[in-house]
Amino acid sequence: MAWGEHKADILILSSAIGSGHMRASEAVVRGVALLDPGKICSIVDFPHEVSPDVEHLLRSAYLGSLKLWPAVYGRIYRSSESKTQPGSYRYFVERAGLKTLERLVESTRARALVAPHFYGAGVLGSYKQRNPRAFAAVVLTDYVPNAIGVPPNLDLYVVADEAAAEVVVKLGVPEKKIHPTGIPIDPAFEDPADPGGVRRDLLKLEDDDLPIVLVMGGGLGGGDLERAVSLLLETSAAMHLVVLCGSNERSRERLEKLAAKEGYSATFLAFTDRVRDLMAGATVLVTKPGGMSCTEALATGLPQVLYHPIPGQEEDNAAAIARYGAGVVVKTTDEILGETLRILSSLDHRRRMVEAARAAHRPHSARAAAELILGGLS
């Protein structure tokens, strides 16, 4: 895997805003390595590569959408109507983004272009109009696609499931180009996990047989994370809380102080490379419904309590997981504790959710996506 402007067979236009797009990109790269180790992939943080202004716009919209969706994130959607106004989404796509992509293709000599983020996908649509022989693909990382990230003129669309495929068809994409092979996640999720090892080595729980409740707030630690954790800490005698705070250092520090002050037992982490083992060892996942986290939980058969979705894509993700029967969606943060305790206390309820998760899981999703992309190089 290469980062930046290196010679590459496959160029992936990702984004570091949040964590899911980069994780999906890295999963595709690992899938390619399993099938054809000689092929070189290059991941670029595309908004950052285009300009600080683009990155700031998208990051501000993402953070604003956590609380102010109609006013902030919706502004990007509405601005797509303008082709020439500086600051509009389409202006950045057709001017700055397109120019940057042309430079990246020239420097890397990439023969396949892949976008797991809506901004890169929009640029790919414009690039494909100018370069119809280029192989261009979108890898969608949410369960219900939005038109802003689905240009209808690309060669390949990797989507979460059949329901997502139907949405993409309605957006004007030929059915033969759409493949519901699942959101690509790290192939390690298909390997045997080590839940005992993570309890012993990472969590230091050798003499503790309490069920693990894993809490995730997204890569930026967003959502009502602190309120959710505060509620769960009140019953920490019945569970061991493991909280992944992402890059939100302030939240982690405040929660650690709260737990210490009240004498609650919990583990607070920023980032860890042992999410697979943590999920395998957990009994419940409490999380914002990001597409990657939800998919990883399906792969491990982990029941989900989904809270504080970003209006739009995360609401759709939550609805999909609930439709599978693999998770429950709470309307308010105050409902998290009750739903978590219900899963912990009811064996039948928990078993049904585990079975539903395993039935919904699309195995080897990264390998399947990589195979389709490599097919475009032949």
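A nonpolar core is a set of buried Ala, Val, Leu, Ile, Met, Phe, Trp, Tyr and Cys residues joined through side-chain atoms within 4.5 Å, where buried means under 20% relative accessible area, exposed over 50% and partly exposed in between (1.4 Å probe, protein chains only). The model is predicted, so local features need pLDDT of at least 70 and side-chain atom pairs count only at pLDDT 80 or more, while totals for chains, interfaces and linings use all residues. Residues are numbered from 1 along each chain as its sequence is written, and side-chain values use heavy atoms, with hydrogens and water left out.

The largest nonpolar core holds 35 residues, of which Leu11, Phe46 and Leu101 touch the most other members. Among the elements that each supply at least two residues of this core are S2, H3 (52-68) and H5 (89-108), helices and strands being DSSP runs numbered from the N terminus (helices H or I, at least four residues; strands E, at least two). Helix H6 gives the largest share of this core, six residues. Leaving aside neighbours within four places in sequence, Phe46 is in contact (heavy atoms within 4.5 Å) with residues including Leu13, Leu104, Tyr119 and Val123. Apart from this core lies another, of 33 residues, with Ile183 and Ala318 among them.

Turning to the helices, H16 (residues 365-377) has buried residues including Ala366, Ile373 and Leu377, and the buried residues of H16 pack against S2 (10-14), H1 (20-35), S4 (112-115), S5 (135-139) and S6 (156-158). In H9 (residues 225-233), Leu225 and Val229 are among the buried residues.
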